[in-house]
Structures are given as structure tokens and as C-alpha cells.
Amino acid sequence: MLKSMTGFGMHEHAGQICRIHVEVKSVNNRYGDIVFHMPRCLSPIEDALRKHIAGVIQRGRVDVFIDATRISGGDRKINVDKELALAYHKALNDISDALHLPRPDDVYAISQYPEVLCVVADTPALELYAEDVQQTLAAALSDFLQMRMAEGNHIYDDLKERLLALGDMVRQLQQLAPLIVDGYRQRLTAFLESTIGETVDADRLLQEPAIFADKINFTEEIVRLASHLDQFETAVDKETGSVGRKLDFIVQEMNREINTVASKANSADIAAVVVAIKSEIEKIREQIQNIE
């Protein structure tokens, strides 16, 4: 089953200690890249969270947002930086002496200066709510993966339609191939008859059309192109996991074969089919850029 590289999942859990909020979102990336946005207090479990995500995601840039808010206020205390308060007081006295102004003996005024007073909240131990964080992440990942698979199904349906269209076009090329030589033989015959003024012996026309047929023969390219279509469809239908890179490689090979056909074929009809095939291949290439 195909999975898109873009997705979003969110989950929130209110535990006994903290309210945990997790969001997971991803965009296209050739490799797997996991970036965390979370409080520093969760750093000790980052490696475990990363391994969990890497176990279900192979490609794409994944941004993980985690917020842990303590439900109860907890114990709080006020820290007083006495040394800093004394330093402020001394500095203000120096200014007072220099400017001959009243001394700043108002305690409240000094307490308002930066970092003299600091409110410190009791931080709960991580082990008390680490499991809640991991479970909330797992729930968010579940929604995230469901969205990836839903988008992957849409891509699958589109690819199957385009593969059918490509198969029809390849068969058109197979049918047109012998007509090119016949047309060339007829044009050559008409030219020689009009130039020489008499009916031309068929044996005299064998060599030139044979050389032309060999030059424009693209049978091998068509066979390989059909094989690439089969490989692509097999990968889409049967392979699991990360198939985006393989599909991208197959599409490159498709382009190579059809470009060779375009360079060999000396026919307006075939040129029109080649353009249509290249257009479909490009649309497929754009779609698989979003496949994991």
C-alpha cells in the first residue's frame, strides 16, 4: 500500500501530573529527518521518541511538537538574590552621592529591578509523566499514519489510471512501427517512378527501405518500456514499505526509452504519441515525489 510523505496527526492527553499535547506533521524529503520542538525537560526521552517514529516512517521531514503543561499549580517559592539587591542598592547610593539626590531606601523599588525576585515552580520528575508523553505521541502518530495512507490511496488510484493510458499508448507505437517503413517504401517508389518515368523493379527498392527500417527500429525500446510499466505496476500493487525511490528510478528508465524512440522515429504520428507518453510520465513523476 502506498503512503504519502505528507501528513498530520494530533492528540492531547490529560494525565494526573501534566496535560500533554502532541502534533506530528511531515513534508516531502528524500531522506528521513525527524525534528523535535519540545521543552528541554523532555530531552532525556528524546532518543526513545525518535526511535518510535523512525520505526514507522522511512522518508520525509517530520516535525514533532510536544507541550507538557502541569495540571496543578504545584509548590512555588520566591527566591531572593540578596547579593544582587545589595549591588543595586550600592549602585543607587553612588548615583545619589554623585547627583546629590535622596537615597533610594525603598525596598519595594529595589525589588522591582531585574532578577532580584524570582518565582520558582516545583518541576515534576519526568519519570512521573514520561509514559503519558509516549502514549500521546503514539496516538498522534496513529492519526498521522492514517492520513498518510489515505493520501497514498488517492495517489494509487491516479497512478493506476495513468498506467492504463500509457499501456494503450505503447500499443499504439507497436502498431505504428511497421507503417513507417511501408510509408517510406511507397514514397520512395513514387519518387523514383516520377523521376525515371517508368515502373521501378521491386528488387531495386529492397536495399534502401531495409537500411531505413534498421535505423528507425525501436522494437527493443518498446519492449523495455512495456517491461518498465509492468515493474512499476508490480511495485505499486505488491510491495510494502518505502517504494518511492524505486518508482522514481523506474520512471527515469521510462523516460530514457521514450527519448530513444523519439530520436529514432521519423513519423509525425509517432511523434504525437511520444509527446503524449512523455506528458503522462512527467505527471507520474510528479506524483511519486510525494510517495514514501
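A residue is called buried when its relative accessible area is under 20%, exposed when the area is over 50%, and partly exposed in between, using a 1.4 Å probe and protein chains only. The structure described here is a predicted model, in which local features need pLDDT of at least 70, side-chain atom pairs count only at pLDDT 80 or more, and totals for chains, interfaces and linings use all residues. Residues are numbered from 1 along each chain as its sequence is written, and side-chain values use heavy atoms, with hydrogens and water left out.

**Overall composition**

- The protein has eight helices and six strands, where helices (H or I, at least four residues) and strands (E, at least two) are DSSP runs numbered from the N terminus.
- Starting at the N terminus, the elements follow the order β-β-β-α-β-β-α-α-β-α-α-α-α-α.
- The protein contains 292 residues, of which 34% count as buried.
- Among contacts (heavy atoms within 4.5 Å) with a separation of 6 or more, 80% come from residues 24 or more positions apart.

**The aromatic pair**

- Rings of Phe, Tyr and Trp (its six-membered ring) pair if their centres lie within 6.5 Å; planes under 30 degrees apart count as stacked, over 60 as edge-to-face and the rest as tilted.
- By this rule, the count is one aromatic pair.
- Tyr-88 and Tyr-113 form a stacked pair, at 4.9 Å centre to centre and with 25 degrees between the planes.
- Tyr-88 belongs to helix α2 (residues 82-99) and Tyr-113 to the loop between α3 (107-111) and β6 (117-121), so the pair ties together parts that are 25 residues apart in sequence.
- Tyr-88 is partly exposed at a relative accessible area of 22%, and Tyr-113 is partly exposed at 32%.

**Packing of helices α7 and α8**

- Helix α7 (residues 244-264) packs with helix α8 (residues 268-288) at an angle of about 165 degrees, and their axes are 10 Å apart.
- Axes are lines fitted to C-alpha atoms, for helices over the stretch in contact, and angles run from 0 to 180 degrees between N-to-C directions.
- The two helices, α7 and α8, are therefore roughly antiparallel, a term for angles over 145 degrees.
- Residues of α7 that meet α8 include Leu-247, Val-251 and Ile-258, while those on the α8 side include Ile-270, Ile-277 and Arg-285.

**Positive phi angles**

- His-100, in the loop between α2 and α3, has a positive phi of about 55 degrees although it is not a glycine.
- His-100 is exposed, with a relative accessible area of 72%.
- Glu-115, in the loop between α3 and β6, has a positive phi near 70 degrees and is likewise not a glycine.
- Glu-115 counts as exposed, at 66% relative accessibility.

Key. Parallel < 35°, antiparallel > 145°, perpendicular 65-115°, else oblique.
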